[in-house]
Amino acid sequence: MCDTYELRVKGLLDDHWSAWLGGLAVQRQEDGTTVLVGPVVDQAALHGVINRIRDLGLPLLSVQRTGPCSEQR
């Protein structure tokens with residue numbers, strides 16, 4: 001069962017990073033941060049996304065589980 005997450009990073013990402021970050025939606029904010037939102041199938045996948053954020057050199061500001069995937073549809 002997957003969960004939906006919101007990950008906030010410092011910096012603005014272009015939409016083309018979505019596929020590389022597991023298909024998470026890229027939402028640029030006016031405060032210079034980017035929120036990545038979407039379903040994550042398990043903890044291993046979540047760690048994979050976090051590792052890719054690290055590989056981009058972006059500071060990770062927050063990670064929030066917003067609920068099971070079924071609640072977000």
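The model is a predicted one, in which local features need pLDDT of at least 70, side-chain atom pairs count only at pLDDT 80 or more, and totals for chains, interfaces and linings use all residues. Residues are numbered from 1 along each chain as its sequence is written, and side-chain values use heavy atoms, with hydrogens and water left out. Helices (H or I, at least four residues) and strands (E, at least two) are DSSP runs, numbered from the N terminus.

Helix α1 (residues 43-55) comprises 13 residues and spans 18 Å from its first C-alpha to its last, close to the 18 Å expected at 1.5 Å a residue; the expected span is 1.5 Å times one less than the number of residues. Within α1, Leu 46, Val 49 and Ile 53 are buried (under 20% relative accessible area, with exposed over 50% and partly exposed in between, for a 1.4 Å probe and protein chains only). These residues lie on the same side of α1 because they cover an arc of only 60° around the axis, the arc being that of the directions from the helix axis to the C-beta atoms. An α-helix has 3.6 residues a turn, so residues three or four places apart point the same way. Ala 44, Arg 54 and Asp 55 are exposed on the other side of α1. At the start of α1, a side-chain oxygen of Asp 42 comes to within 3.3 Å of the backbone nitrogen of Ala 44.

Strand β3 (residues 33-40) is largely enclosed by the rest of the structure, because 7 of its 8 residues are buried. Strands pair if DSSP finds at least two bridges between them. Strand β1 (residues 3-10) pairs with β3 in the antiparallel sense over 8 bridges, and Leu 36 in β3 is the bridge partner of Leu 7. Strand β2 (residues 25-28) also runs antiparallel to β3, joined by 4 bridges, with Gln 27 opposite Val 35 of β3. The hairpin of β2 and β3 has 4 residues between the strands, and Gly 32 takes a positive phi near 85° there.

The count of aromatic pairs comes to 1, for rings of Phe, Tyr and Trp (its six-membered ring) with centres within 6.5 Å. This pair, Trp 17 and Trp 20, is edge-to-face, at 5.5 Å centre to centre and 65° between the planes; planes under 30 degrees apart count as stacked, over 60 as edge-to-face and the rest as tilted. Trp 17 counts as partly exposed at 25% relative accessibility, and Trp 20 counts as partly exposed at 32%.

Methods:
A polar contact is a pair of N or O atoms within 3.5 Å; within protein, one must be able to donate a hydrogen and the other to accept it, and residues adjacent in sequence count only if both atoms are side-chain atoms.
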